[in-house]
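Here's a quick briefing to go with the chain you're about to look at.

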Amino acid sequence: MSGATEVLVITSVDELPSALSRVQVSSVCAIDCEGAVNASPPELSLLQIATTAVVIVLDLLQLSHGGEDLSTLLSTGELSTRVWRSTALTKVFWDCRGDLALLRANGVDLLQAGYGQVLDAQLLDVMTRSESDQARLDRLHPVVYRGHVRGKPRLFSSVHRLNSLVGALKEHGLAADPECGEYIAARDAVTADFKKNMRFWMERPLSEHAIAHAAGDAVWTLRLWRALAARATQAQLRALPGATLRFDAVARHMLYAGVEELFAQHSLLPLCVLAAPPAGTMGMRVCERGCQRTLPAALVSKTGHLCEVCGGLAMTKASRKEHAKQEMQAECDSIFRSNDSDY
Ligand SMILES: [Zn+2]
């Protein structure tokens, strides 16, 4: 499963103190959650916390089965004092947005003051890329069609593509480790089940693959974090806490503003996350038809009222529609032609 990292699945409240005391001795841990993210309100199933020595998988459904309130369990007691409120323990996520939303819906807001540092390794992956502008643009395909990018590369001057956890493990050479191969295989098996059943994580018993996937998400986030942090500059590491806050704030804005799914759920990095936009409204423009954020005017088209990210997404969606229409037309034409030949 996760090789050298011991996996502890916690199903009873009595097991929590000794498991959490093992996390407490570390200075950094990786955190991941599983659940029904799109349910309203979002539902939590598992909470995984990995250090270099151990990964604990808290089965929150089982833990709250004995009548324990989940919000109380998560926001008070052992978990709160030993993990959340421990300022000595840095919490690392891979794409913090969904996990922080799941935790927030259950009474834990990790970005409040006094909760210790929260860092997003997915952002550090983008920050530490040392590639040409062309390589950055090449990554955008197929989220933005290559033709659109090639035609007007200046329209995508600040757009970055986010990496998936597995994508980054492969890119940084960690996937060559046989343990990582086992984790990816478990993940693939679970993804196939999840596609058939969106409430997969809310059902019990969980398969061995499901536990391996959940534990591995946290374990490999931590290992990747260590690799990325080792090559990051001090300036990049100093910029990361602010970038993580903005990444979460943008996701919350999209949710509250009711932004269309096309502009809210994609793998492009929202603009002005890595570096803060200038303060005030001077020289700013609203991406009215897309993410509805107020951004530097140079990044938002004057006529289309779309920012560089939303503009690329809208163009690609329109091209896909046009392509589908042409295919349908070609199919109709061929049916007519075959009918013609009958007469
Ligand atoms: Zn936008």
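**Start at the strands**

Across from Lys91, over in strand 6, you'll find Val118. Bear in mind that this is a predicted model.

**Strand pairing**

- Strand 5 (residues 90-93) lines up parallel with strand 2 (residues 28-36), and three bridges join them.
- To spot that pairing, look for Val28, whose bridge partner in strand 5 is Thr90.
- Strand 5 also pairs with strand 6 (residues 118-120), again through three bridges and in the parallel sense.
- As a general point for reading a sheet, side chains in a regular strand alternate between its two faces.

**The crossover**

- Which helix goes with strand 5 and strand 6 in a β-α-β unit? That's helix 5 (residues 96-105), and the unit is right-handed.

**The whole chain**

- The C-alpha trace spans about 75 × 60 × 40 Å along its principal axes.
- Why does the radius of gyration fit a compact globule? For 343 residues such a globule would come out near 20 Å, and the chain has 23 Å, so the two agree.

**Burial and contacts**

- Buried residues make up 36% of the 343 in the chain.
- Counting contacts with a separation of 6 or more, 69% are between residues 24 or more positions apart.

Technical notes:
Residues numbered from 1 in each chain as written. Predicted model: local features only at pLDDT ≥ 70, side-chain atom pairs only at ≥ 80, totals over all residues. Rg over C-alpha atoms; globule rule 2.2 N^0.38 Å. Buried ≥ 20, exposed ≤ 12 C-beta atoms within 10 Å, placed from the backbone. Contact = placed C-beta atoms within 7 Å. Pairing = 2+ DSSP bridges. Helix = DSSP H or I, 4+ residues; strand = E, 2+ residues; numbered from the N terminus. Right-handed = clockwise from strand over helix to strand, strands pointing away.
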